[in-house]
Amino acid sequence: MRKSQYLGVKNPASDNLFYPTGLKPSIAAMLWGEETNRQRLMKDYEYIKQQVNLTELAAHFDYEMIRKESSRNCIMMKYGHHKIAITRDSDGHYTYYTIGNPAKIDSGSVIDFIMNRNHCDFQGAVSYLKQYEYIPDAH
């Protein structure tokens, strides 16, 4: 059987495939090893969460470490009156939360940190962090 029988019908005018209802392009990726943009973005996301040190990234944004309030498991940092606590989970991912913010709006992973500081979307944060850590497109 040909690919077009699995994926859909080829449009002779544009050379694009039409996907029948219920058959997603991710199935094609599983069958033929093609990566979709979303899959590449999620792979980059996991790689970034493991590689980017959130305390160094916060220092890049002019946050200063508060040694008296920090411990081995929790690093306290401040920028003006804004104070954050940074921890590292057992899976190696850094997380942070804002002190004195009961709504927990400004908290999360390194991606959330960049999204809140640069006012960008998920994809923009991943792109920024890839440039920050000099991570190539294909790793």
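Among contacts in the chain between residues at least 6 apart in sequence, what share joins residues at least 24 apart? The share is 37%, where contact means heavy atoms within 4.5 Å. This is a predicted model, in which local features need pLDDT of at least 70, side-chain atom pairs count only at pLDDT 80 or more, and totals for chains, interfaces and linings use all residues. Residues are numbered from 1 along each chain as its sequence is written, and side-chain values use heavy atoms, with hydrogens and water left out.

**Overall make-up**

- The chain has six helices and seven strands. Helices (H or I, at least four residues) and strands (E, at least two) are DSSP runs, numbered from the N terminus.
- Read from the N terminus, the order of elements is α-β-β-α-α-α-β-β-β-β-β-α-α.
- The chain counts 139 residues, and 32% of them are buried. Buried means under 20% relative accessible area, exposed means over 50%, and partly exposed lies in between (1.4 Å probe, protein chains only).
- The accessible surface of the chain is about 9,600 Å². Carbon and sulfur atoms hold 51% of that surface. Areas come from the Shrake-Rupley method with a 1.4 Å probe; for residues, only the protein chains shown count as cover.

**The α5/α6 pair**

- Two packed helices are described by the angle between their axes and the distance between the axes.
- Helix α5 spans residues 110–118 and helix α6 spans residues 122–132. Their axes come within 9 Å and cross at roughly 105 degrees. Axes are lines fitted to C-alpha atoms, for helices over the stretch in contact, and angles run from 0 to 180 degrees between N-to-C directions.
- α5 and α6 are therefore roughly perpendicular to each other. The cut-offs are under 35 degrees for roughly parallel, over 145 for roughly antiparallel, 65 to 115 for roughly perpendicular, and oblique for the rest.
- On the α5 side, the contact uses Val 110, Ile 111, Ile 114, Met 115 and Asn 118. On the α6 side, Phe 122, Ala 125, Val 126, Tyr 128 and Leu 129 meet them.
- By class, this contact of α5 with α6 has nine nonpolar residues, one polar residue and no charged residues. Ala, Val, Leu, Ile, Met, Phe, Trp, Tyr, Cys and Pro count as nonpolar, Asp, Glu, Lys and Arg as charged, and the others, Gly among them, as polar.

**Buried faces of the two helices**

- An α-helix has 3.6 residues a turn, so residues three or four places apart point the same way.
- Which residues of α5 are buried? They are Val 110, Ile 111, Phe 113, Ile 114 and Arg 117. They cover an arc of only 160 degrees around the axis, which puts them on the same side of α5. The arc is that of the directions from the helix axis to the C-beta atoms.
- The cover over the buried residues of α5 includes α3 (37–51), α4 (54–60), β5 (82–88), β6 (94–98) and α6.
- In α6, Ala 125, Val 126, Leu 129 and Lys 130 are buried. Their arc is only 135 degrees around the axis, which puts them on the same side of α6.
- The cover over the buried residues of α6 includes α3, α4 and α5.

**Positive phi in loops**

- Most residues other than glycine have a negative phi, and most peptide bonds are trans.
- His 119 follows α5 and is found in the loop between α5 and α6. Its phi is positive, near 50 degrees. His 119 counts as exposed, at 72% relative accessibility.
- Asp 62 sits in the loop between α4 and β3 (64–65). Its phi is also a positive value, near 70 degrees. Asp 62 counts as exposed, at 52% relative accessibility.

- Thr 87 lies in strand β5. At 22% relative accessibility, Thr 87 is partly exposed. Not counting residues up to four places away in sequence, Thr 87 touches Asn 73, Cys 74, His 93, Tyr 94 and Thr 95. Thr 87 and Arg 72 are 15 residues apart in sequence, and their C-alpha atoms are 9.2 Å apart.
- Ile 99 lies in the loop between β6 and β7 (107–108). At 37% relative accessibility, Ile 99 is partly exposed. Beyond its neighbours within four places in sequence, Ile 99 is in contact with Met 76, Lys 83, Ile 84 and Ala 85.
- Asp 112 belongs to helix α5. At 27% relative accessibility, Asp 112 is partly exposed. Leaving aside neighbours within four places in sequence, Asp 112 is in contact with Tyr 96 and Ser 107.
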